[in-house]
Amino acid sequence: MIQIESVTKRYPDGTTAVDDLSLDIPDGSITVLVGPSGCGKTTTLRMVNRMVEPTSGRILLDGSDITEQPVNALRRSMGYVIQNAGLFQHRTIVDNIATVPRMLGWDRRKARERARELMGRVGLDEALAKRYPYQLSGGQQQRVGVARALAADPPVLLMDEPFSAVDPIVRKSLQAELLRIQQELGKTIVFVTHDIDEAIRIGDMIAVMRTGGRLAQFAPPQELLSSPADEFVEDFLGTDRGIRRLSFFTSDGLALERGPVVAVDAGAEQVARATAAGAPYLLLTDADGKPLGWVAPQDAAGGADKVAVGSLLPYGRPFAAGRESLRDALDCAVLSPTGWAVAVDEQGAVAGVVSQEAIGAAIRSAHAGQREDGPAVPVRTTKAEVAT
Ligand SMILES: Nc1ncnc2c1ncn2[C@@H]1O[C@H](COP(=O)(O)OP(=O)(O)OP(=O)(O)O)[C@@H](O)[C@H]1O
């Protein structure tokens, strides 16, 4: 655990960058420092690896004051990733990643082997190993930066706005990759960003800082969204926090209906049975159970096999039953022309359909459950999928 105890940093020009900050950063999870520009996030991160020394207070790593060990040893136990990756331009990708192992005295072959293994782990094609950084995209360079920080297998990763310079789609895939790596390797990650959406997507714990280097709130994302400590945090979270909070509720408990689902070769009798279930539309599926589209019951009364597939209403984006959140289910229902969301299993076959009203009821009961039981525990798989 990293414990930041009453730490203050005043720069020589009198700027107070961090003011009496105390934080317990748990092991094996992602803690995000978030806040407006200039609120002291980078200064805090750099005090953890002693690139900046506090004016007062102290920082403990596994119970020991970090000033008690040689600074080089401390930094070797902490990978460091920065915006734009900070790669060595004159070194190949594989040698960039092998930098720290080489510094630690590994022979070249072993260090390069490790580097190639890490390329796979961060989703880089091995064919890029011999290239130079300028021959890679921004997103690929950030992956190299993460691989380089992981090379000596440090227990701690410090990441300073690592994904800020890439476009939103690449950024989402880097976030998903980080969550996957975190699940596999269980590192203690301290991540700085000014983007609250990024913080909510990847953080297990989020420290919201305000200008002047003071802590506004330290809480898991779902608690931040449900109970912001004050107006500053509320404003910082933005207007749609109710919707975003739904990302933390699984779609597990949704009552999926199979009644209105009929195969494309269903005859008039089966259609009549499905119609009797009372849903305003029927969902037709192909021979593998995959969704084809919606049809009004009266238009299929002669049998689903008589309906032209081209005339079906589109089913929109289905959601993965149980694996995606209530937010995904609601999004699917809102975007569906019928107001019903389609749930699919891992093979993409229809698991059932669900109306906006039923999703609304599930949201109400999830909120009621949360009020009784305290903050909901985030579903990690859901979270990883949110980031993809
Ligand atoms: N070396 C320095 N000397 C003087 N003031 C500094 C120094 N480094 C940072 N500051 C000031 O300290 C405050 C906190 O800076 P810091 O970089 O930690 O903030 P930040 O939250 O990471 O900002 P950003 O999101 O813009 O990167 C700012 O007012 C900044 O101008």
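Student: How many Å apart do the C-alpha centres of domain 1 and domain 2 lie?

Tutor: This is a predicted model, and in it those two centres are 43 Å apart. The domain assignment places domain 1 at residues 2-244 and domain 2 at residues 261-365. The C-alpha atoms of the chain fill a box of roughly 80 × 50 × 30 Å along the principal axes.

Student: What does UniProt list for residues 2-237?

Tutor: An unreviewed UniProt entry gives that span as "domain: ABC transporter". In the model, residues 2-237 are 38% helix and 25% strand, and the end C-alpha atoms of the span lie 26 Å apart.

Student: How many helices and strands does the chain have?

Tutor: The secondary structure comes to 15 helices and 16 strands. Of the 388 residues in the chain, 44% are buried.

Student: How should I read the two faces of a strand, and which residues of strand 8 lie on each side?

Tutor: The general idea is that side chains in a regular strand alternate between the two faces of the sheet. In strand 8, Thr-188, Val-190 and Val-192 are on one side, while Ile-189, Phe-191 and Thr-193 are on the other. Both faces are covered, as these residues are all buried.

Student: Why is strand 8 described as largely enclosed by the rest of the structure?

Tutor: Strand 8 covers residues 188-193, and six of its six residues are buried, so the rest of the structure largely encloses it. Here a residue counts as buried if 20 or more other C-beta atoms lie within 10 Å of its own.

Student: Which strands pair with strand 8?

Tutor: Strand 3, residues 30-34, runs parallel to strand 8 and is joined to it by five bridges. Within this pair, Val-34 stands opposite Thr-193. Strand 7, residues 156-160, also pairs with strand 8 in the parallel sense, over five bridges. There, Leu-157 stands opposite Ile-189.

Student: Which residues of helix 7 are buried?

Tutor: They are Arg-171, Leu-174, Gln-175, Glu-177, Leu-178, Leu-179, Ile-181 and Gln-182. Just after helix 7, Gly-186 takes a positive phi of about 60°.

Definitions and conventions:
Residues are numbered from 1 along each chain as its sequence is written. This is a predicted model: local features need pLDDT of at least 70, side-chain atom pairs count only at pLDDT 80 or more; totals for chains, interfaces and linings use all residues. A residue is buried if 20 or more other C-beta atoms lie within 10 Å of its own, exposed if 12 or fewer, and partly exposed in between; C-beta atoms are placed from the backbone. Helices (H or I, at least four residues) and strands (E, at least two) are DSSP runs, numbered from the N terminus. Two strands pair if DSSP finds at least two bridges between them. UniProt positions are given in the numbering used here, feature names are shortened, and annotations may be inferred rather than shown by experiment. Domain bounds come from an automatic or database domain assignment.
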